[in-house]
Amino acid sequence: PFFKEYIPAEIPKPTELLAKLNANENPYGPSPKAIKALQDMAGHGNRYAWMELFDLIDKIADYEGVKAENIIMGPGSSDILEKTGMVFFKEGGNVVSADPSYMSLMKVAEATGGTWKPIPLKDDWSHDLNAMEKAIDGNTKLVYICNPNNPTGTISDASELLDFCSRISEKVPVFVDEAYLDFLDDGHKQSMVSLVNEGKDVIIARTFSKIHGMAGLRVGYAIAQPETLARINEVTRGGMGISYTSIFAAKASMDDQEFQNKSRELNAAARDYVFETLKSMGHEPVASHTSFMIFPIGMEGKQFLEKMMAMKVGVRAFEFMGKNWCRVSMGTMEEMKIFTSTLRKVLV
Ligand code: PLP
């Protein structure tokens with residue numbers, strides 16, 4: 001029943017690719033202001049950045065409308081997903097999530113001694129919240145929701161999700177991964193962050209890797225109840241993994257609204273182009289709310305990946321719902337044109 005990802009025999013070096021569309025990276029980042037901050041602060045690389053990290057936490061708390069005690073930082077949100085997986089499942093138990101979804105937390109949960117209870121997405125690609133609720137049993141330690149979801153790029157209704165998280169978190173903590181929420185025009189409104197201020201046991205993960213274009217600089221955070229963060233802190237030293245320079249880059253990027261707007265707009269333009277072009281080629285892309293898109297390829301995934309890689313285009317391939325799918329990240333318009341013209345040669 002589980003979804004499967006095809007892993008290519010050889011992973012090409014990024015520099016060998018004409019279009020690197022396999023990791024949902026933002027082709028425009030980092031923001032010029034973030035780059036300047038990195039350059040200006042490089043000389044402080046001999047210092048630990050405790051106080052500077054507190055400044056960043058205060059800035060994020062302000063932006064999110066929560067208290068500093070509700071925030072934990074990590075080198076990317078991966079760090080928080082993984083550490084949550086370790087702490088919550090060290091005595092076993094299960095994690096309920098959609099299938100397919102982003103597997104980082106579930107993989108660590110399984111490696112630590114937990115089990116995964118996958119619940120297929122509904123026909124409209126939203127989370128099957130009723131089925132997820134029914135799947136919760138006495139052994140459920142956490143519910144994981146990725147909204148918008150990866151690898152599908154699809155979204156679940158914010159008010160239904162708010163109601164679900166609010167009710168379910170009375171029984172079991174709910175982890176909401178909002179890595180791609182910033183690509184929505186009204187992302188802030190669709191966030192589950194307000195539940196934290198209502199005292200609910202929800203953990204919201206956010207990242208500087210996507211809209212801020214800082215995937216290689218590694219800054220992410222979670223917003224939750226202080227007691228829940230204290231549990232995660234059993235296996236972390238809250239932010240010890242973030243570099244001095246990255247802290248300043250994150251602060252500068254938060255102040256560069258113009259860059260974030262540009263990323264959102266250019267991403268949407270690339271998405272429209274890919275969606276329309278795929279449709280004109282007879283494909284059936286799934287409408288995306290993120291910086292990537294999926295569509296069925298009607299070809300075995302491994303063979304597809306190898307053919308695309310041979311033509312120097314990096315994408316991902318999955319199998320679920322009885323079909324093979326390509327997941328393509330949104331690069332620059334130029335890269336997307338390389339992608340569509342390569343696709344015409346590969347899927348003949
Ligand atoms: N969550 C989702 C849904 C993702 O797709 C990714 C990365 O692709 C991450 C979290 C982890 O990103 P990072 O560790 O760079 O914050």
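How far apart do the C-alpha centres of domain 1 and domain 2 lie? They lie 25 Å apart.

## Basis

This is a predicted model, in which local features need pLDDT of at least 70 and side-chain atom pairs count only at pLDDT 80 or more, while totals for chains, interfaces and linings use all residues. Residues are numbered from 1 along each chain as its sequence is written.

## Domains

Domain 1 covers 4-28 + 258-346 and domain 2 covers 33-254; the bounds come from an automatic or database domain assignment. The contact (C-beta atoms, placed from the backbone, within 7 Å) takes 20 residues from domain 1 and 18 residues from domain 2.

On the side of domain 1 that touches domain 2, the elements giving two or more residues are α11 (257-280), β10 (292-296) and β12 (316-320). Of these, α11 gives the most, with five residues. Elements are DSSP runs numbered from the N terminus: helices are H or I of at least four residues, strands E of at least two.

## Helix α2

Helix α2 (residues 50-64) has 15 residues and reaches 21 Å from its first C-alpha to its last, close to the 21 Å expected at 1.5 Å a residue (1.5 Å times one less than the number of residues). G65 follows α2 and has a positive phi, near 75°.

L56, I57, I60 and E64 are the buried residues of α2 (20 or more other C-beta atoms within 10 Å of the residue's own; exposed means 12 or fewer, partly exposed in between; C-beta atoms are placed from the backbone). Seen down the axis of α2, these buried residues fall within an arc of 105°, so they line one face; the arc is that of the directions from the helix axis to the C-beta atoms. Their cover includes β3 (71-74), β9 (220-223) and α10 (244-254). The face turned away from the buried side of α2 carries the exposed residues M51 and D62.

How values were computed:
Contact = placed C-beta atoms within 7 Å.
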